[in-house]
Structure formats: C-alpha cells, structure tokens
Amino acid sequence: QVQLVESGGGLVQPGGSLRLSCAASGSILIIYAMGWYRQAPGKQRELVASIGSGGGLNYGDSVKGRFTISRDNAKNTVYLQMNSLKPEDTAVYYCNADLVATMTRANYWGQGTQVTVSS
C-alpha cells in the first residue's frame with residue numbers, strides 16, 4: 001500500500017513562514033508529479049503548487065512569489081516552503097502524488113495538515 005504522510009502544519013502569525021513535508025512510502029516504482037492542494041472551509045480544493053518528475057513547476061496565482069515547492073526524489077518527498085503567510089492561506093493542505101505502485105499508475109492523497117494563519 002502507498003502512503004503519503006504530511007508534516008509541518010500549525011499556527012503561524014501573518015507574515016510568518018512554515019515548511020510542509022510529504023513523504024511517500026510503499027511499493028513505489030516511479031513518481032511523476034507531486035503537489036500540494038488546499039481546502040478552506042466552505043471552499044473547493046485548489047492547487048497550491050506542483051512539481052513534475054523533471055522539475056517543471058506550477059503555482060496557483062495566489063501563492064506565486066511567496067511559496068516554493070521542491071522535491072527530493074531519493075527520499076520520495078515533496079516540500080512546500082511558505083513565506084509571507086496571510087490569513088487567507090488558512091486551510092487544510094493536502095499532498096498529492098501521481099505514481100506507479102505494484103504496476104498500477106494512480107493518484108494518491110495524504111491525510112491533510114492544518115495551516116492556520118492568525119494573530
């Protein structure tokens with residue numbers, strides 16, 4: 001079974017920083033894209049950032065210039081560095097991975113980690 005385990009969420013003041021991590025484990029053969037999504041109360045889940053296996057990057061408009069996504073392929077881990085956080089960044093952040101495990105390609109999600117930006 002494949003698991004995505006997130007860490008690094010918490011409470012931070014406006015203007016502060018947090019770093020999220022997500023480690024994928026299991027019988028993984030290859031990981032294509034990895035990314036972060038978020039969902040605030042009463043809103044749809046939205047893309048925050050994604051990174052392809054070749055390093056191609058994609059960011060949501062609201063986080064461009066403030067958030068940075070990176071990955072460590074040797075560790076099957078993706079990171080999200082979040083700077084200049086705003087109250088509107090408050091949401092549950094979910095890790096996502098497009099990968100092949102046990103000869104099947106599928107999309108996997110982590111359990112989510114809460115990020116709260118408040119003074």
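## Ground rules

Strands here are DSSP runs of E at least two residues long, and helices are runs of H or I with at least four residues, both numbered from the N terminus. Two strands count as a pair if DSSP finds at least two bridges between them.

This is a predicted model, so to speak of local features takes a pLDDT of at least 70, and side-chain atom pairs count only at pLDDT 80 or more, while totals for chains, interfaces and linings use all residues. Residues are numbered from 1 along each chain as its sequence is written, and side-chain values use heavy atoms, with hydrogens and water left out.

## Strand 4 and its two partners

Let's start with strand 4, which covers residues 28-39 and runs antiparallel to strand 9 (residues 91-101), with nine bridges joining the two. One spot to look at is Q39, whose bridge partner in strand 9 is V92.

Strand 4 also runs antiparallel to strand 5 (residues 46-51), this time with five bridges. Here R38 has E46 of strand 5 as its bridge partner. The hairpin made by strand 4 and strand 5 has six residues between the strands, and G42 takes a positive phi near 80° there.

Next comes an open sheet of four strands, in the order 1-3-8-7, with antiparallel pairing. Strand 1 (3-7) and strand 7 (67-72) stand at the edges with a single partner strand each, so one side of each has no neighbour in the sheet. On average, neighbouring strands of this sheet are turned by 15° against each other, direction ignored; the axes behind that angle are lines fitted to C-alpha atoms (for helices, over the stretch in contact), and angles run from 0 to 180 degrees between N-to-C directions.

Strand 7 is joined to strand 8 (residues 77-82) by six bridges, and the two run antiparallel. In this pairing, T68 stands opposite Q81 of strand 8.

Searching the whole structure turns up five salt bridges, each being a side-chain nitrogen of Lys or Arg within 4 Å of a carboxyl oxygen of Asp or Glu. R38 and E46 make one of them, with their closest N and O atoms 2.7 Å apart. R38 counts as buried because its relative accessibility is 5%, whereas E46 is partly exposed at 35%. (Buried means under 20% relative accessible area, exposed over 50%, and partly exposed in between, with a 1.4 Å probe and protein chains only.)

R38 also meets D89 in a salt bridge, at 2.9 Å from N to O. R66 lies in the loop between strand 6 (57-59) and strand 7, 23 residues from D89, and both R66 and D89 are buried. Through shared partners, the salt bridges join R38, E46, R66 and D89 into one network.

## A nonpolar patch

Finally, the surface: L29, I30 and M103 make a nonpolar patch of about 340 Å². Patches take residues with over 30% relative accessible area and no salt bridge, joining like charges within 9 Å and nonpolar side chains (Val, Leu, Ile, Met, Phe, Trp, Tyr) within 5 Å. Accessible areas come from the Shrake-Rupley method with a 1.4 Å probe, and for residues only the protein chains shown count as cover. L29 belongs to strand 4 and is exposed, with a relative accessible area of 56%.
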